[in-house]
Amino acid sequence: MSYHSTTIKSKWVKTKWLLKNASIRKYVPRTLLFNRSNLSTLLSQHSTVFFKPTGGTGGFNIVRIKKRDHGYQVQHNSQKNHCATKDSLYHQLQKRAKNRSYLLQKGIKLATVKGRPFDIRVMVQKSNDGVWKSTALFTKVGMPGKVATNYHQGGELGYFRTTLSRAGFSQSSIERKEKELKKLGKSVGKLFDKHSRGFRELGLDIALDSKGNVWILEVNTRPQFYPLKHLNDKTLYRNIMAYAKQYGRKK
Ligand SMILES: Nc1ncnc2c1ncn2[C@@H]1O[C@H](COP(=O)(O)OP(=O)(O)O)[C@@H](O)[C@H]1O
Ligand SMILES: [Mg+2]
């Protein structure tokens, strides 16, 4: 792509930036590099753990591990298998990782709409005068039975207020979440500025758990938004494009 905005592929690098900031740290689910001892540590403290490629995108190769009475349930896409011991689990993950770097992250039980888990994308962009703004919020409603809500995994885009309302959030709590998320987007923009002046756009993947707590799953530096074109309401797409044009992004 020909436009100018810095990209950082490594989720681990970006997560470490988030963790260094006192006011943002609390939004990050516990995240560690994949190895035998970190796997043990996370499984001793959390009932669900996600295993994801440090350099991955599009919801590919995301694995969810759930503790069971006798072992672990491992799910990739909609395929499930069972590991009886932590050792066999480790070896299965190791085989999948080969020599590539993977992360382990505390699993968040995503809020649902009609039984389907969803998460939220906060699009954050920097104008030519250097001001970060959260320009769009939308939801990604996951395909039933899958572990990732991404568009490429059959996730459906939705409007922020509509999805939250259907998920049972009250109007006042939706307004509070919207403010909190927009503010968080801006703060992450400012934080990323400290590491490179070249960022013009960021896409935060945000999980809401069933209690409505906000969690940052990852920060994308090349967020896609063309699927927004297909929504009836073109405002979101136009808002983003108005900013994108300022740094030469055409779609
Ligand atoms: N810790 C987690 N808890 C719950 N769901 C998660 C977690 N991490 C990832 N997911 C699910 O997997 C999707 C893809 O993970 P993400 O970290 O955004 O990687 P990618 O770069 O592939 O989009 C998320 O949008 C979410 O639906
Ligand atoms: Mg993502």
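Around ligand 1, the shell residues split into 8 nonpolar, 9 polar and 5 charged (Ala, Val, Leu, Ile, Met, Phe, Trp, Tyr, Cys and Pro count as nonpolar, Asp, Glu, Lys and Arg as charged, and the others, Gly among them, as polar). Keep in mind that this is a predicted model: local features need pLDDT of at least 70, side-chain atom pairs count only at pLDDT 80 or more, and totals for chains, interfaces and linings use all residues. Residues are numbered from 1 along each chain as its sequence is written, while chains are lettered from A and ligands numbered from 1 in the order in which they are written.

**The ligand shell**
- In total, 22 residues surround ligand 1, with Gln105, Ile108, Ala148, Thr149 and Glu218 the closest (near means a C-beta atom, placed from the backbone, within 6 Å).
- Two or more shell residues come from each of β2 (48–53), β6 (102–106), β11 (201–208) and β12 (214–220) (strands are DSSP runs of E, at least two residues, and helices are runs of H or I, at least four, numbered from the N terminus).
- Ligand 1 lies between domain 1 and domain 2, because both give residues to its shell.

**The two domains**
- Domain 1 covers 11–28 + 110–247 and domain 2 covers 31–106, with bounds from an automatic or database domain assignment.
- Their centres, taken over C-alpha atoms, sit 25 Å apart.
- Where they meet, 11 residues of domain 1 are in contact with 12 of domain 2 (contact means C-beta atoms, placed from the backbone, within 7 Å).

**His46**
- You'll find His46 in the loop between α3 (36–45) and β2.
- Leaving aside neighbours within four places in sequence, His46 is in contact with Lys106 and Gly107.

Key
Two residues are in contact if their C-beta atoms, placed from the backbone, lie within 7 Å.
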